[in-house]
Amino acid sequence: MTGRIALLTGGGLLALAASIATAVTIGPADISTADVWASVAARLGAGETTLAPLRDGIVWDLRMPRTLLAAVCGAGLALCGAVMQSLLRNPLADPFVLGVSSGASTGAVAVVVLGVGGGAVSLSAGAFLGALLSFGLVLGLSHSLGGSTDRVVLSGVAAMQLFSALTSFVVLTSADAETTRGVLFWLLGSLAGAGWSEVALCSAVLAAVLAVCLGHARTLDAFAFGEEAAASLGVRVARARLVLLCATALLTAALVSSAGAIGFVGLVLPHATRALTGAGHARLLPVTALAGAVFLVWVDTAARTVLDPQEVPVGVVTSLIGVPAFVAVLYRGRRTA
């Protein structure tokens with residue numbers, strides 16, 4: 001098993017590097033892989049680029065940050081999905097089960113449509129604050145109801161419905177047609193506005209949360225047997241659950257505020273990778289993150305090129321791919337059972 005995990009991790013890293021290098025070359029501008037490496041090397045101080053300024057800008061300022069953000073978002077969403085499914089002992093759990101995406105949508109709409117912040121608050125900042133507000137509501141509500149796993153899930157559902165209703169109300173009553181179209185495109189998931197600041201922020205949060213989750217890998221293994229069994233094994237259940245919920249909510253909020261709500265990544269990929277790695281989270285989490293990164297890089301590439309010059313929201317493509325993939329995983333699990 002150790003050799004198999006090493007092979008999966010090494011292969012995943014190579015696949016991710018190759019996917020990023022290839023995806024950056026795909027688009028209306030004719031750019032080769034050599035051009036990509038030349039531009040990156042020049043930016044890292046390993047020489048001077050021979051590309052024209054326009055082509056160099058396409059590589060470094062447009063395609064590279066977008067592709068890297070897609071990889072970070074895919075890794076983060078898949079990681080959060082794997083943690084939530086184990087922590088809540090619910091195979092249908094995903095990163096948005098705590099209502100974070102709905103809160104982010106309300107925050108984004110409040111900034112774009114209602115002008116909250118008077119221009120001093122960006123769409124991403126509004127989405128991030130809305131996500132944190134929603135998560136705070138879920139934590140408070142679930143704690144007042146006893147703090148059990150099912151109460152956390154039900155509180156998340158309640159927050160999701162509340163903020164979804166608020167978002168719909170604001171859009172229907174206050175937005176014009178053009179604003180509504182822009183908001184809807186963002187709500188369905190979009191990496192069109194990716195920049196290096198978003199890449200740096202999301203990468204830092206992903207690295208921190210991945211370290212926290214790997215540090216709690218044995219705790220997540222214990223949660224698979226139930227909270228009582230985990231407590232009998234020495235796990236401080238309430239503390240561990242709070243730390244992991246806060247970590248995944250923070251990462252989800254950062255990703256959603258940068259790219260919108262991209263569904264099915266955190267639901268399907270943990271199930272698919274679990275079939276390759278087994279249930280041990282020290283093996284599952286890094287492989288799942290790599291699979292999510294590679295998956296979303298290619299999904300975003302398809303979203304921006306299939307109907308060129310029109311762009312399809314990334315969340316639409318992930319759902320179109322995710323639904324049949326999830327059904328296939330369910331059938332495979334049924335045959336195994």
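First, some housekeeping. Residues are numbered from 1 along each chain as its sequence is written, and side-chain values use heavy atoms, with hydrogens and water left out. In this predicted model, local features need pLDDT of at least 70 and side-chain atom pairs count only at pLDDT 80 or more, while totals for chains, interfaces and linings use all residues.

**Salt bridges**

Let's start with the charged pairs. Side chains of opposite charge can pair when their charged atoms come close. Here a salt bridge is a side-chain nitrogen of Lys or Arg within 4 Å of a carboxyl oxygen of Asp or Glu, and the structure holds 5 of them. Among them are the pairs in this table:

| Pair | N to O distance |
|---|---|
| Arginine 55 and aspartate 35 | 3.3 Å |
| Aspartate 56 and arginine 43 | 2.7 Å |
| Aspartate 300 and arginine 66 | 2.9 Å |

To place these pairs you need the helices, which are DSSP runs (H or I, at least four residues) numbered from the N terminus. You also need the burial scale: buried is under 20% relative accessible area, exposed is over 50%, and partly exposed is in between (1.4 Å probe, protein chains only).

Take the salt bridge between arginine 55 and aspartate 35. This pair links distant parts of the chain, with arginine 55 in helix 3 and aspartate 35 in helix 2, 20 residues apart. Arginine 55 is partly exposed because its relative accessibility is 29%, whereas aspartate 35 counts as buried at 17%.

Next comes the salt bridge between aspartate 56 and arginine 43. It also links distant parts of the chain: aspartate 56 sits in helix 3 and arginine 43 in helix 2, 13 residues apart. Aspartate 56 has a relative accessible area of 10%, so it is buried; arginine 43, at 41%, is partly exposed.

Then there is the salt bridge between aspartate 300 and arginine 66. Aspartate 300 belongs to helix 13 (residues 281-305) and arginine 66 to helix 3, so this pair ties together parts that are 234 residues apart in sequence. Both aspartate 300 and arginine 66 are buried.

**The loop at threonine 49**

Between helix 2 (33-43) and helix 3 (53-87) there is a loop, and threonine 49 lies in it. Threonine 49 is partly exposed, since its relative accessible area is 28%. Contact here means heavy atoms within 4.5 Å. Not counting residues up to four places away in sequence, threonine 49 touches Ala38, Ser39, Ala42 and Asp56. Its C-alpha atom is separated by 43 Å from that of valine 116, 67 residues apart along the chain.

Helix 4 is mostly covered, with 12 of its 13 residues buried. Among the buried ones are Val100, Ser101, Gly103 and Val111. They pack against helix 5, helix 6 (149-174), helix 7 (177-187) and helix 11. The expected span of a helix is 1.5 Å times one less than its number of residues. For helix 4 (residues 100-112) that should be 18 Å, and the end C-alpha atoms are 18 Å apart, which agrees.

Over in helix 11 (residues 237-259) you'll find threonine 252. Its relative accessible area is 0%, so threonine 252 is buried. Leaving aside neighbours within four places in sequence, threonine 252 is in contact with Cys80, Pro95, Phe96 and Val100.

**Cysteines**

If you're wondering about disulfides (a pair of cysteine sulfur atoms within 2.5 Å), the structure holds 0. The closest cysteine sulfur to that of cysteine 202 is in cysteine 73, and at 5.3 Å it is too far for a bond. Likewise, the sulfur of cysteine 213 has its closest cysteine sulfur in cysteine 80, 6.8 Å away, too far for a bond. Cysteine 202 is buried, with a relative accessible area of 0%, and cysteine 213 counts as buried at 0% too.

Conventions. Helices (H or I, at least four residues) and strands (E, at least two) are DSSP runs, numbered from the N terminus.
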